[in-house]
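Hello,

Here is the structure I said I would pass on. My notes on it follow below.

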Amino acid sequence: MGMKTLYTCFIMFFVLILGTSSIQAGDSIDIKHQFVPLGLPFKVELYTITSGFGNRIHPVTKKKKMHTGIDIRLIPNATILSTMEGTVKVVRMGHKDYGNYVVIENGLGFSTLYAHLSQILIYQGKHIYKNELIGLAGRTGNATGVHLHYEIRVNNLLVDPLPFIKTVL
C-alpha cells in the first residue's frame, strides 16, 4: 500500500467514522485539511438536496440508472465554490448530460465534479484553493431545473458526497 493510499484511507477514517469534530486545531492533520473535499460547494442558505447518490429513476429519461453524485437545487447563478484545494483537470462546455462542468483533482486520490453550471469562471490547469469561486449554478445539459450535480471520487471510485457535506452541517 502506497503512502497516498494510506493517507487517503486515514482521511476517510476521520471523515466517515469520527467526523471532523475529532480533528482539533493544531493537529497535524489540519495542515492537509484543505485537500479533503469537506463542506458545501456554495454559500447560499436556501438549498434542497433533490436527488441522492445511488440507483434512481432518472427524472428526464424515466429509466433506472445509477446516480453518480447528488443534485442540489439552488437559485439561478448561485456561486459554486471548490470544496478542496487542487488543480482544475477538466473544463467542459455543452456536455449532453452534465452540461458545463468542472473536475478538480488534488493529487491525493480525491476528485470533485461540479456540473450544470451556467458559467465556468476558472480554466484548466489552474491551481485552486478550498472555497474558491469556480462557477455559477445553472441548468445546462440534461437537467429539469437549476441545480448543482456534485460528485466525489476517491482513487477513481465514486463515493456518496453526503457524508463529506454533513461533516459541516
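The residues lining the largest pocket divide into five nonpolar, 12 polar and five charged. Here Ala, Val, Leu, Ile, Met, Phe, Trp, Tyr, Cys and Pro count as nonpolar, Asp, Glu, Lys and Arg as charged, and the others, Gly among them, as polar. The pocket holds about 460 Å³ of space. Of its 22 lining residues, Arg56, His58, His67, Asp71 and His116 are the closest to its centre. Strands S1 (48-51), S3 (64-67), S4 (70-73) and S12 (147-154) each give two or more residues to the lining, and the largest share, three residues, comes from S3.

A pocket is an open set of points on a 1 Å grid over the protein atoms alone, where a 1.4 Å probe fits, with protein on both sides within 12 Å along at least five of seven lines; lining residues have an atom within 4 Å of a point. Its volume is the space filled by probe spheres set on the points, which are joined across faces, edges and corners.

This is a predicted model, in which local features need pLDDT of at least 70 and side-chain atom pairs count only at pLDDT 80 or more, while totals for chains, interfaces and linings use all residues. Residues are numbered from 1 along each chain as its sequence is written, and side-chain values use heavy atoms, with hydrogens and water left out.

The protein chain has two helices and 13 strands, taken as DSSP runs (helices H or I, at least four residues; strands E, at least two) and numbered from the N terminus. Of its 169 residues, 46% are buried (under 20% relative accessible area with a 1.4 Å probe, protein chains only; exposed is over 50%, partly exposed in between).

The largest nonpolar core has 27 residues, and Leu74, Ile80, Ile104, Tyr114 and Leu148 touch the most other members. S12 gives the most to this core, with four residues. Another core, of five residues, lies apart from it and includes Tyr98 and Leu113. Such a core is a set of buried Ala, Val, Leu, Ile, Met, Phe, Trp, Tyr and Cys residues joined through side-chain atoms within 4.5 Å.

Which residue between S12 and strand S13 (157-159) is in the loop? That is Asn156, which has a positive phi of about 70° although it is not a glycine. Asn156 is exposed, with a relative accessible area of 65%. Asn131 also has a positive phi of about 70°, but is partly exposed at 41%.

Regards
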